[in-house]
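Okay, thanks for coming, everyone. Let me put the model up and then walk you through a few spots in it.

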Amino acid sequence: MLTAHRVADIRAAEKAAAASAGWDGLMQRAVAALTDVLARVLPEDAVPIVLVGPGNNGGDALFAAAALCRRGRRVDVALLDRGHVHEAGLAEALASGVRVVDGPVDHDHVVDAVFGIGARAGLDGRAAEWAGWVEGRRPFVVAVDVPSGIGVDDGVRPGPSIPADVTVTFGTAKVGLLVGPGGLSSGRVLVRDIGLAPHLSAPAAEAIEAGDGQRYRSIVPGPEAHKYSRGVVGIEAGSPAYAGAAHLCVAGAQAGPAGMVRFVGEPDLAARVVDRAPEVVAGRGRVQAWVVGPGGQDSPDPLISALADDVPVVVDASALAHLPERLRPDVVLTPHAGELARLLDVERAEVEADPLLSARRVVERWNATVLLKGPRTLVVSPDGRVRVNLSGTSWLGTAGAGDVLAGFVGSLLASGLDALEAASVGAYLHGVAGARAARGGPFPAHVVADELRGVLHDFLEGTLDDEEAR
Ligand SMILES: NC(=O)C1=CN([C@@H]2O[C@H](COP(=O)(O)OP(=O)(O)OC[C@H]3O[C@@H](n4cnc5c(N)ncnc54)[C@H](OP(=O)(O)O)[C@@H]3O)[C@@H](O)[C@H]2O)[C@@H](O)CC1
Ligand SMILES: [K+]
């Protein structure tokens with residue numbers, strides 16, 4: 001599990017760690033980690049420019065620049081403000097042969113050490129000019145700890161910023177490296193240990209990784225299992241206009257761990273679903289989780305009757321327009337940004353600018369778990385836990401992919417995972433399945449359902465490849 005913390009918690013952990021390692025000791029661990037990454041990701045013959053701000057973030061990079069020079073590399077450094085700079089770092093850089101220049105010119109490699117966790121979101125003045133230069137030239141950028149200009153705790157990007165290809169972050173990830181525009185500006189996030197772990201509080205957000213399958217072995221059927229013990233998922237989905245949503249939702253559910261899928265809907269549609277998926281049982285009966293809404297009619301009835309069963313419910317698409325006053329934590333709402341904006345009666349752009357805040361508002365308003373679909377799908381629980389999904393591919397933006405996801409999450413709920421786990425495992429594996437499907441180029445959504453089965457198997461067996469999952 002990748003963990004992310006808020007700045008206040010990181011500062012507290014640093015303080016505790018510094019009590020034994022000393023502040024300089026901690027910084028030198030960060031410097032060693034940064035130097036190591038820079039030496040690997042920057043070509044030998046490149047002359048990077050290090051953009052240095054006033055704080056310790058700039059200090060880290062000055063020491064790392066010095067270390068690279070001592071290894072025979074050439075490094076340029078530009079100082080945001082000569083009057084405010086990590087003096088010991090600058091002295092070591094100068095003594096090691098770093099060249100101080102006015103600013104970036106024709107550099108193809110940039111190390112962004114303007115601001116770290118002391119950053120306020122949005123750049124102005126000289127830092128904003130540098131951001132403009134980066135935007136125009138598009139060099140390869142390595143961010144030190146965080147890309148400068150983003151909100152470190154929330155991933156907002158209210159003004160100019162310096163997007164990174166790689167972010168080397170110390171001790172733990174920051175929430176802003178994962179969510180919202182900041183998450184999309186951080187490139188590949190490499191977390192490097194500097195000894196904070198024993199001092200960190202509970203993470204503010206987590207992201208499932210390829211190696212986490214062992215945690216979910218409870219969904220593998222035991223020797224005594226039968227179809228009912230594995231869980232039954234009930235689906236009310238599809239309509240004459242969107243018959244395909246019923247098929248795709250069922251396909252998603254069948255790819256999951258539940259032992260049986262029940263389908264409730266118009267007799268014609270139910271007959272077509274069973275024709276296509278003969279294992280499906282049409283008609284009502286006991287279920288351990290419901291999925292309502294994919295491609296559904298504009299009616300409150302499916303959600304009302306699903307909620308009456310008192311089992312976990314996935315509420316998707318058309319059903320999102322019919323929420324009662326209050327829900328329960330075992331209800332998973334699965335809006336995309338536009339649907340979530342409608343729930344909050346705000347513009348879609350407002351949701352996209354700060355998805356975590358927007359998702360939290362819906363969680364608080366309805367007391368339900370929210371899975372906010374997007375390039376970085378978020379899952380937020382009423383108990384405060386947050387998961388960010390890092391798997392996937394832009395090719396997943398395809399009609400029907402959400403129907404597959406809703407069915408798959410329903411199946412995970414029916415098998416006994418709690419709402420946050422079912423939603424986040426579902427989003428993660430759905431993303432991996434999309435990435436696998438995309439190896440052959442664009443794909444229709446039913447291929448995601450086909451891939452899910454194998455992806456779930458590999459995840460649980462511990463054989464999923466981390467590279468494939470990104
Ligand atoms: N502590 C440790 O043990 C370790 C720390 N480490 C490293 O230290 C980094 C944190 O260092 P840091 O605390 O010095 O903060 P950093 O972000 O470099 O500078 C803050 C300064 O910038 C200014 N400023 C901010 N935003 C601005 C804006 N938008 N526009 C203009 N100005 C702005 C801000 O001004 P202020 O907000 O105070 O007015 C303040 O003066 C951390 O990310 C990691 O790299 C590692 O070495 C491991 C050990
Ligand atoms: K930085």
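This is a predicted model: local features need pLDDT of at least 70, side-chain atom pairs count only at pLDDT 80 or more; totals for chains, interfaces and linings use all residues.

**A helix, a site and a ligand**

Let's start on the outward side of helix α4, where E87, A91 and A95 are exposed. Residues are numbered from 1 along each chain as its sequence is written, and chains are lettered from A and ligands numbered from 1 in the order in which they are written.

Back to α4, which covers residues 87–96 and has G89, L90, E92 and A93 buried. Looking down the axis, those buried residues fall within an arc of 165°, so they line one face of the helix; the arc is taken over directions from the helix axis to the C-beta atoms. Their cover includes α3 (56–70) and β3 (76–79). Helices (H or I, at least four residues) and strands (E, at least two) are DSSP runs, numbered from the N terminus.

Now the annotated site. Which residues does UniProt list for "binding site"? The unreviewed entry gives N57, D112 and S148. Such positions are in the numbering used here, feature names are shortened, and annotations may be inferred rather than shown by experiment. The three are spread over 92 residues of sequence, yet they cluster in space, with a largest C-alpha distance of 10.1 Å.

N57 sits in helix α3 and counts as buried because it has 26 C-beta neighbours inside 10 Å. S148 is in the loop between β6 (140–144) and β7 (166–170), and with 31 such neighbours inside 10 Å it counts as buried too. Leaving aside neighbours within four places in sequence, S148 has contacts (C-beta atoms, placed from the backbone, within 7 Å) that include D112, V114 and F115.

Last, ligand 1. It is surrounded by 25 residues, the closest being G55, N56, N57, G116 and G118; the cut-off is a C-beta atom, placed from the backbone, within 6 Å of the molecule. Helices α1 (7–21), α2 (23–41) and α3 each supply at least two residues of that shell.

Technical notes. A residue is buried if 20 or more other C-beta atoms lie within 10 Å of its own, exposed if 12 or fewer, and partly exposed in between; C-beta atoms are placed from the backbone. Two residues are in contact if their C-beta atoms, placed from the backbone, lie within 7 Å.
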